[in-house]
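Open the model in a viewer and keep the selection tool at hand. The tour begins with the whole chain and then moves to single residues.

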Amino acid sequence: MSDAVRGRALAKARPGATVASVEPLGRGNRKRTEVVRFESAAPVVVQRSETPAATRTEAALLTAIGDRTDVPVPRPLGEGVDDGTGWFVTRLVDGRDLHEAFVDLGPADRRGVARAFGRWLAALHEAFRFSGCGRLAVDGAAGGGAIDAESVLGRDASLSVREPVGADEWLREFGERHADRLPEEFDGLRARLRDAFRESTASDTDPRLFPWDFRPGNALVADGAVTAVLDWEAPLAAPRGVSVAKTEHLVVDWYVPAAETGPLRRAFRDGYESVAPLPRVERAHRAAAVASAVVDGEGVVTNPRYPPVDRDAAVEFHRRALRRALDNGPG
């Protein structure tokens, strides 16, 4: 991160504080992240991107989530654009990486985490409703033009869909795009996936917030409870069934053997239903959600479990998950 940009960001978020150390972190696919500690002030996290629209949208979303829900998110202390670089600053939240800690939790704590993710997802769905599906942006940060110099913090920044489309069209494009990215080991499933993505999902045409990466790997935990959910990059508006299916897959199926998923699945769904009725999850929703988790942004096969399994085991895990999604239909 540019020292000049960091300095201006810290001057707005922690005026007068003397920096003691700067530690780069690997968190975030499209932005750089650093932990900054001070001699006599609470530490912060500085995030920046060469796409100012992305940081502006994420900062606005974090602020809105903090205002409208009880989802534990780090609220921005400052946000802006300097020299074409977008940035925002949040406080540093204590906790252990839940990706590493999840398998060490006792059964009751695991169920508590699953129930919390279900409840928070429902709260997000209730708090953020949209007229169409697609990528979200804050007003004035959709790209293609100058970014408004006024901060999105401290005012009701309106999040809207950049180029809204209907639920069926969005799901077909979303699913096929991720199916096209699957490596050759998945060739035998491509035709079935494309057939599934073309099925009508008329039962779920009310787009809600789809937090793209809502999972234990982007959360912190302390004393068995989640202290923060991080990384709200690239938010979408989508049918509820897709985000329910993906979050359930990443919370319930990702870390424990299939024989142990039953209690976690019930806890996740109970958590959701404590806030709102669980939406119908169509075969197309589940297939698209699972397909979107197979490879990362670089096209590399993702590794479930902790410690992560090797590539061959990961491929087999994803193939089984896709077959279940295609065979089981609505759930």
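What radius of gyration would a compact globule with 331 residues have, and what does the protein have? The rule gives a value near 20 Å, and the protein has 20 Å, which agrees. Keep in mind throughout that this is a predicted model.

**The whole chain**

Show the chain as a cartoon. Ten helices and twelve strands make up its secondary structure elements. Of the 331 residues, 54% count as buried. For contacts between residues at least 6 apart in sequence, 73% join residues at least 24 apart. Now colour by charge. There are 46 positive and 50 negative charges, and their mean positions are 2 Å apart.

**Lysine 31**

Select lysine 31, in the loop between strand E1 (19-25) and strand E2 (32-38). Is this residue buried or exposed? Lysine 31 counts as buried because its relative accessibility is 8%, and the cut-off for buried is under 20%. Show side chains around it. The side chain of lysine 31 makes a polar contact with the side chain of glutamine 47 at 3.2 Å, and another with the side chain of glutamate 233 at 3.4 Å. Beyond its neighbours within four places in sequence, lysine 31 is also in contact with residues including Arg48, Ser49, Glu58, Phe88 and Asp231.

Check the backbone here: aspartate 231 has a positive phi of about 60 degrees although it is not a glycine. Most residues other than glycine have a negative phi.

Where is aspartate 83 found? Look in the loop between strand E4 (76-82) and strand E5 (85-91). Aspartate 83 also has a positive phi, of about 50 degrees, and is not a glycine. Aspartate 83 is exposed, because its relative accessible area is 66%.

**The loop between H9 and H10**

Move on to the loop between helix H9 (283-291) and helix H10 (311-328), and select threonine 302 there. Threonine 302 has a relative accessible area of 16% and is therefore buried. Which residue has its backbone oxygen 2.7 Å from a polar atom of the side chain of threonine 302? That residue is alanine 293. To see the surroundings, select the residues that threonine 302 touches, not counting those up to four places away in sequence: Trp254, Ala293, Val294, Val295, Asp296, Ala314 and His318.

Stay in this loop for the last stop, proline 307, which is also found between H9 and H10. Display the backbone atoms of tyrosine 306 and proline 307: a cis peptide bond joins the two, with omega of about -5 degrees. Most peptide bonds are trans.

Conventions
Residues are numbered from 1 along each chain as its sequence is written. This is a predicted model: local features need pLDDT of at least 70, side-chain atom pairs count only at pLDDT 80 or more; totals for chains, interfaces and linings use all residues. Side-chain values use heavy atoms; hydrogens and water are left out. Helices (H or I, at least four residues) and strands (E, at least two) are DSSP runs, numbered from the N terminus. The radius of gyration is taken over C-alpha atoms; the globule rule is 2.2 Å times the number of residues to the power 0.38. Buried means under 20% relative accessible area, exposed over 50%, partly exposed in between (1.4 Å probe, protein chains only). Contact means heavy atoms within 4.5 Å. Lys and Arg count as positive and Asp and Glu as negative; His and the chain ends are not counted. The place of a charge is taken as NZ of Lys, CZ of Arg, CG of Asp or CD of Glu. A polar contact is a pair of N or O atoms within 3.5 Å; within protein, one must be able to donate a hydrogen and the other to accept it, and residues adjacent in sequence count only if both atoms are side-chain atoms.
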